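Reader: I am new to reading protein models. Can we go through one together, feature by feature?

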Amino acid sequence: LHMGKTMKEDLTVVVKYIKQLYPPDFNVFSIYAELYHDYFASQAKKSAESHLEDKDIYHLLSWVHDLYPKEMRKDHALAMELDKVKLGSLLPSSLSKELEKKYLDSEEVTVKNLLSRCLDKEIQRWKEDKEPEMINGHFQSELLGIFVIQRIYSSQKQAKDISTALGEELSCRLLKELPSFLRSYRDAFEDFKEKSKKHTCYKPIVIANINNCWNFREYMEKYMAEKDDSKADILSILGDIENSGFDVLLQELFAQLKTRYKKFTENKWDSSDEVMNEIIKTTSKHISDFQTLKEPFYHAIIEKIHALLVKQYIVRLLKKKVSLKTAAQQQTLAQHISKNAADLEAFCTNNVPNHFLFSQGSQATWLNSVLPKLAEIIRLQDLGAIKIEVATLARTYPDIRKRHLEAFLHIKANLSRSEVRNILAYLADSTASTQSRAPLFSNINVS
């Protein structure tokens, strides 16, 4: 710093007061600049060849790549004159590369060890059954969700401030470390899930870990190239953590809903409105636990619930518990299904978010038409009309298969075996070359 300040001030004096005292062909400024530079470079080389602490390597590289060429030599009073002088770098290229390697190796190890320590501290917090921090109304780990990412970012920025190339190299190294760290994080989270179910703060800790993933996702989108080899790996690991957390949060709800859905077939859909109201009421109570999720994850879990509610309803329709011989009976069941479908859609897409700050409920609108289409197939009596409706259903939900439709058509007991075969053959033709846009029926087994 002293040498840099002295060189800058003295050369400014040369430009302003001394240069004009010499003949132009003497190039007095060049002589002064070269002498100062040579001395500065000799001292930099001497420092580089001595034993340096990590922070000293950083400061020296900052001088060589950033402060000296950008701050001093681009000073408005000196830039024009210095551009005429070929001063070169403060360090020989080989020595500079050696320092850069030491810096990168050291920073990589430092960040790697820090990530490991942060995870160990967080695991200890889980074991102590401490409630996670509440940040902007959301449970989150300040250590894993914020500090870890800030530390990686600050290391990248520090290296980039030295030189763009150094910043890119360190970024590449750190991003390769991230999948390994996240795998350790995922394994630790799985271990906690299995061993700590009776903890008081079990669910808040699970929610915090889901929310932590959002910070990593944002960081990746901002700083990782789309074609980066590590990106798909990182996204997969984050997805594992998120879905594993969702499974915990939904486990109790799913167990309760299973018993309630059985009531549809137990009562042969006669009290379907009451059963659906009970299902919605049960679901609504559980949703209140999810308001501490970050908004993208809140929407994700609502969509999972929406999908479950629809799938479980379809499962009951495929159980072959109801077989109706008359058109009037089928008309009544179709009306029940249509009413249940409307109530379900209203709850999932409209009513759910009214209790919270979020702007909308489930965005899985593709689920909304399946139950009305199934109701229409039950209502229709004309074979041609049924086949058209089946074709429409298959285009919308291409993963429906013969086994699903055959189980569903058991409801329409007034269809002959040949008519059922006719409809099933039509379904096979309409789905032959279509890929599933969003899986629905493929996740439904027919017993």
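**Cysteines, domains and a surface patch**

Author: Cys213 has a relative accessible area of 0%, so it is buried. Keep in mind that this model is predicted.

Reader: How many disulfides does the structure hold?

Author: Look for pairs of cysteine sulfur atoms within 2.5 Å. Here the structure holds 0 disulfides. Take Cys201, which is in no disulfide. Its nearest cysteine sulfur belongs to Cys213, and that is 19 Å away.

Reader: Is Cys201 buried or exposed?

Author: Use the cut-off: buried means under 20% relative accessible area. Cys201 has 10% relative accessibility, so it counts as buried.

Reader: Now the overall layout. Into which domains is the chain divided?

Author: Read the residue ranges. Domain 1 covers 1–91, domain 2 covers 95–224 and domain 3 covers 247–443. Then compare centres over C-alpha atoms: those of domain 1 and domain 3 are 76 Å apart.

Reader: Which residues make the nonpolar surface patch?

Author: Look for nonpolar side chains within 5 Å of each other, on residues with over 30% relative accessible area. In this case they are Leu21, Tyr22, Phe26, Ile31 and Leu35. The patch is about 520 Å².

Reader: Where is the place of Leu35?

Author: Leu35 sits in helix H2, which spans residues 28–49. Its relative accessible area is 56%, so Leu35 is exposed.

Notes. Residues numbered from 1 in each chain as written. Predicted model: local features only at pLDDT ≥ 70, side-chain atom pairs only at ≥ 80, totals over all residues. Heavy atoms only, no water. Buried < 20%, exposed > 50% of the residue type's maximum accessible area, 1.4 Å probe, protein only. Domains from an automatic or database assignment. Patch = residues over 30% accessible without salt bridge, like charges linked within 9 Å, V, L, I, M, F, W, Y side chains within 5 Å. Areas by Shrake-Rupley, 256 points an atom, 1.4 Å probe, with all protein chains shown as cover. Salt bridge = Lys/Arg side-chain N within 4 Å of Asp/Glu carboxyl O. Helix = DSSP H or I, 4+ residues; strand = E, 2+ residues; numbered from the N terminus.
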